[in-house]
Amino acid sequence: MTDQNLPDDAPATNLFPQYPYQVYEMLSAEVAGLTDAQLDFETDQWEWGKWSIRRNLSHMSSGDVRWLWGRWRSQIFPGSRPDAEELDSIVNSPHDRRLNEDLYWEPAAILGKLWEGLELCRSVLEGETVASLRSKELEEEATSLNGRYRHLFPGGVREAPGDPSRIFITLETTFRHRYYEYTTHLYNIQRLKRAQGLTGRVYIPRVGYWTDESWDRSEP
């Protein structure tokens, strides 16, 4: 059964079986056993080399919270949460779109926050249906990845009436964007490994931004 054939009242988890285990297993396996020098290798030779493996991982580990709690909070978290202060601290990290590196630097600590973010995804998906995931919308800038690559989200992105600089994305698009971020940054991690003479360890599903023909797929 394809995504488009799922009934409206089907659990939203049917749309995203990758959460949480598949995503976590891919990323944790890819970074297992790396030394600090390998984790922190950066280079200006390629645009994708300017963020180390550690920082790619930190970016991914904060992303689910930054999206679901930071942007969708009013629509999907109607009440208070006991972990609200911790979620706020991730959204308001002093480091650009990453975890607070003063608190989460070691791989085990970063992976711990990755798991918590994926569990947050799971909890949201369990409370939604296919129909609700496709009907809830959030306004964004059209210059976002969702806007520039809207062909990757059929039916999930629409232009704001009278304002081409703004778009509306569905909650389904947000989850698909997050998965595309995971596969794309995993691709970057494997390129960073190849630049150091290392070999990738996991198969990356051929979906996401990195598969678009316009994406920078330069290699070391």
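## Ile-204 and the segment after H9

Ile-204 counts as buried, with 7% relative accessibility, where buried means under 20% relative accessible area, exposed means over 50% and partly exposed lies in between, with a 1.4 Å probe and protein chains only. The residue is found in the segment after H9, and, leaving aside neighbours within four places in sequence, Ile-204 is in contact with Thr-183, Leu-186, Tyr-187, Gln-190 and Trp-210, contact meaning heavy atoms within 4.5 Å. Between Ile-204 and Gly-155 there are 25 Å in space, C-alpha to C-alpha, and the two are 49 residues apart in sequence.

This is a predicted model, in which local features need pLDDT of at least 70 and side-chain atom pairs count only at pLDDT 80 or more, while totals for chains, interfaces and linings use all residues. Residues are numbered from 1 along each chain as its sequence is written, and side-chain values use heavy atoms, with hydrogens and water left out.

## Helix H9

Helix H9 covers residues 171–195, and its end C-alpha atoms are 36 Å apart, which agrees with the 36 Å that its 25 residues should span at 1.5 Å a residue; the expected span is 1.5 Å times one less than the number of residues. Helices (H or I, at least four residues) and strands (E, at least two) are DSSP runs, numbered from the N terminus.

H9 is mostly covered, since 23 of its 25 residues are buried. After the helix comes Gly-197, whose phi is positive, near 80°.

## His-59 in helix H3

His-59 has its place in helix H3, residues 53–68, and is buried, with a relative accessible area of 3%. Not counting residues up to four places away in sequence, His-59 touches Trp-51, Arg-66, Arg-97, Arg-98, Glu-181 and His-185.

## The chain as a whole

The protein chain has 9 helices and 3 strands, and along the sequence these follow the pattern α-α-α-α-α-α-α-β-α-β-β-α. Its radius of gyration is 17 Å, which agrees with the value near 17 Å that a compact globule of 220 residues would have; this radius is taken over C-alpha atoms, and the globule rule is 2.2 Å times the number of residues to the power 0.38. Taken along the principal axes, the C-alpha atoms fill a box of roughly 45 × 40 × 35 Å.

Of the 220 residues, 51% count as buried. Among contacts with a separation of 6 or more, 72% are accounted for by residues 24 or more positions apart.
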